[in-house]
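Here's a quick briefing to read alongside the fold. Have the sequence and the model open as you go.

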Amino acid sequence: MARNDHLLSVGNEALSPMTTAMASLATQIDQLTEVADARSSARLATLKTRMENFTASVTLVGQVKAGKSSIVNILAGRPALLPSDVNPWTSVVTTLNINTRTEGDKKAKFTFFEQEEWDNLMVGGGRLGELANRAGADDEMDDIRRQISEMKAKSEARLGQHFDLILGQSHQYEYFDEELIQRYVCLGDEDDPDINPKTGRFADVTKSAELFMDIPQYPISLKLCDTPGVNDTFMVREQITLRSLRGSEVCVVVLAASQALTTMDMALMRIIAQFENRQIILFVNRIDELSDPVNQVPEIRDRIKDTLKQNNIDTNTSVVFGSALWAEAALTGNPDILTEESRRALNTFYLAAGFGDQAPSLDKIWALSGLPDLLLAMNERIAEGAGTRLLDRVRHRARNIASQIRATAVAKTLSKGQGVVREMDGVAPEEAVAKVTEEYEKKVAELTASLRDKVLQRLKSAETNFVKRATDSLIAHLEKKGEQGTWQYDPAGLRTLQKAAYFSFARSMRKEAGALYSEAANDVEALYQKLLGNHLGEFSIEAPIVPRVPPPLGIGRTIALDLLSTWWRRWWQRRKGFEAYAADYTRLIASEANSITKDLEENQIAAVLENVRAGLTDFLREQSETLMSISASAEQDPNQAALMAGMTPKKSRDDILGDILKDLSNEAA
């Protein structure tokens with residue numbers, strides 16, 4: 001760890017309310033466990049474990065050589081940990097698992113591509129090959145195949161007979177250091193005599209790297225995911241980056257101050273445009289390289305705001321300016337690493353911040369580096385996002401479990417089942433419970449099928465409308481200018497329509513699933529009332545919480561229509577006549593539009609609908625188990641009786657449950 005790793009604690013104040021609430025909730029769960037039966041105790045233990053295992057995921061994306069790895073290294077308190085200048089050939093996502101539980105002494109794990117994934121790259125050229133093939137760009141495909149052949153030959157030369165054996169496998173270690181990491185994630189320059197020959201030995205076939213470490217300055221568990229730049233040769237990185245971003249709570253976009261949001265970042269802009277505003281933080285790195293940082297930073301900020309607006313991204317998105325180099329100097333306590341240029345920029349900022357009459361200090365350098373602002377912004381989003389959602393879900397489950405404990409206790413105190421109804425609406429309790437379960441399993445299946453059909457129909461309509469408008473525009477261009485020049489139709493309109501369809505689906509899901517969940521909870525509560533009658537007293541069963549709908553990241557994936565290259569010039573040159581232009585373009589644009597819809601359906605919509613079904617199924621299963629247990633209760637459990645006999649008259653089970661439920665409800669409010 002770095003010498004001044006205490007600096008990493010700056011920003012923790014944003015997490016304090018969340019960690020305090022979790023500690024309080026854990027205490028309430030312990031109190032519930034003391035009066036719970038075995039089944040409820042197991043459920044409460046699961047809830048407590050869920051809180052203990054809470055891990056916030058933060059993914060860093062951005063330009064190649066913008067300083068993503070340098071920022072991750074600083075956040076890990078290990079400035080030289082990850083290679084900070086990854087060779088463009090690599091496509092390795094590196095995740096730092098901080099304060100997470102591990103199996104045994106595992107400190108590093110490197111996972112290789114599956115055989116199918118490798119074959120897809122080698123034979124089809126990955127996503128870029130897929131796009132080139134769809135667009136009929138034969139020359140590009142030949143070039144892609146040539147580059148891939150060279151890449152494969154180099155990989156086989158490095159790995160020899162082990163090449164085919166390691167695909168689909170993983171390597172694990174009880175340690176990690178810089179040399180080990182570079183062996184898996186960084187190729188280096190083969191012509192550089194100073195490069196270690198082991199560097200990058202496995203990099204071509206390494207899909208992901210995971211490192212495990214403890215950092216006591218962080219009060220929670222974190223996953224910091226460092227992704228390579230998205231503008232790589234075969235677009236492998238874009239696919240891996242999209243996979244890494246799914247489920248990530250915070251997306252930190254790292255940009256170089258000298259080239260913030262250039263046209264090279266359009267693929268990046270398409271991806272982050274799908275996130276919610278509060279999930280994105282823009283970190284503009286390397287301000288120490290600016291000639292006049294005090295005046296240039298506001299200008300860069302204004303340009304960024306304009307670019308965000310042009311890409312339909314909320315201009316209130318957080319933008320933090322800083323320098324990983326300044327942060328490293330403060331963290332290591334070694335200002336000698338600063339270049340003369342960097343020192344001048346730091347002095348300028350020092351004076352502008354009003355520190356001119358104060359002695360230089362590492363704390364002030366740390367403050368000017370932007371890292372405290374970045375940590376604070378990250379922690380705020382973690383607390384208000386994943387942290388709040390977890391607390392809400394655990395409190396909700398705890399309240400329902402408390403109600404189940406109350407109902408179970410009431411049933412067990414009724415001697416030989418007196419007061420427990422043995423027949424409900426003319427059928428046995430078991431049959432009544434099964435009927436409700438079957439009814440809602442059928443309803444949720446019908447609901448998810450209906451939601452799926454509606455959103456796919458709307459997405460298909462978006463495709464059709466976009467293809468028609470694009471084709472009409474092409475024909476108008478041909479009628480006006482003939483076959484001279486080239487023509488490009490911006491697919492932003494398609495993405496706007498698809499995004500609207502997705503969010504319409506999200507609204508419908510929340511409304512309709514919420515209504516179904518409430519209906520199911522009311523019917524389940526009615527079963528308790530029928531079984532135990534007025535013995536229950538004040539009692540309620542709450543509906544499950546409707547699943548969250550994640551941002552539609554698939555809409556941001558690159559399609560052939562996004563690529564402004566020589567493809568289009570040759571595409572035009574190969575076609576003769578209006579009909580050929582229109583027919584071929586319609587086929588191309590339709591297949592490209594459908595590729596986004598397919599990605600949304602398979603990777604986003606299907607997961608949401610499965611969560612809707614699973615949420616209700618789990619709720620019904622848990623409640624059914626309790627109801628069946630109550631129905632089977634014929635006499636008071638001796639152990640339960642002993643427990644109740646040992647309680648003081650002032651604090652009965654109902655008193656304890658009432659107090660805990662009141663606390664849980666008050667905290668939720």
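This is a predicted model: local features need pLDDT of at least 70, side-chain atom pairs count only at pLDDT 80 or more; totals for chains, interfaces and linings use all residues.

Residues are numbered from 1 along each chain as its sequence is written, and side-chain values use heavy atoms, with hydrogens and water left out.

**Nonpolar cores**

- The largest nonpolar core has 124 residues; a core here is a set of buried Ala, Val, Leu, Ile, Met, Phe, Trp, Tyr and Cys residues joined through side-chain atoms within 4.5 Å.
- Buried means under 20% relative accessible area, exposed over 50%, and partly exposed in between (1.4 Å probe, protein chains only).
- L96 and W366 have the most contacts inside that largest core.
- Helix α15 (residues 371-413) gives the most to this core, with 15 residues; helices (H or I, at least four residues) and strands (E, at least two) are DSSP runs numbered from the N terminus.
- Setting aside neighbours within four places in sequence, W366 is in contact (heavy atoms within 4.5 Å) with residues including L7, L8, I74, L331 and L375.
- There's also a second, separate core of 59 residues, with I541, L561, L616 and L620 among them.

**Aromatics**

- The count comes to 12 aromatic pairs, taking rings of Phe, Tyr and Trp (its six-membered ring) with centres within 6.5 Å; planes under 30 degrees apart are stacked, over 60 edge-to-face and the rest tilted.
- Y173 and Y175 make an edge-to-face pair, 5.8 Å centre to centre with 85 degrees between the planes.
- Y175 is partly exposed, at a relative accessible area of 39%.
- W326 and F349 are also edge-to-face, at 5.7 Å and 65 degrees.
- W326 sits in helix α12 (residues 324-332) and F349 in helix α13 (residues 340-352), so this pair ties together parts 23 residues apart in sequence.
- Both W326 and F349 are buried.
- One aromatic cluster is formed by F110, F112, Y173, Y175, Y184 and F202.
- K364 has its charged end over the ring of F355, 5.7 Å from the centre; the rule is NZ of Lys or CZ of Arg within 6 Å of the ring centre and within 35 degrees of the ring normal.

**Strand β6 and its partners**

- Strand β6 (residues 221-226) is mostly covered, with 5 of its 6 residues buried.
- β6 pairs with strand β1 (residues 55-62) in the parallel sense over 6 bridges; pairing takes at least two DSSP bridges.
- Within that pairing, T55 stands opposite S221.
- Strand β2 (residues 93-98) pairs with β6 in the antiparallel sense over 5 bridges, and N97 has K223 as its bridge partner in β6.
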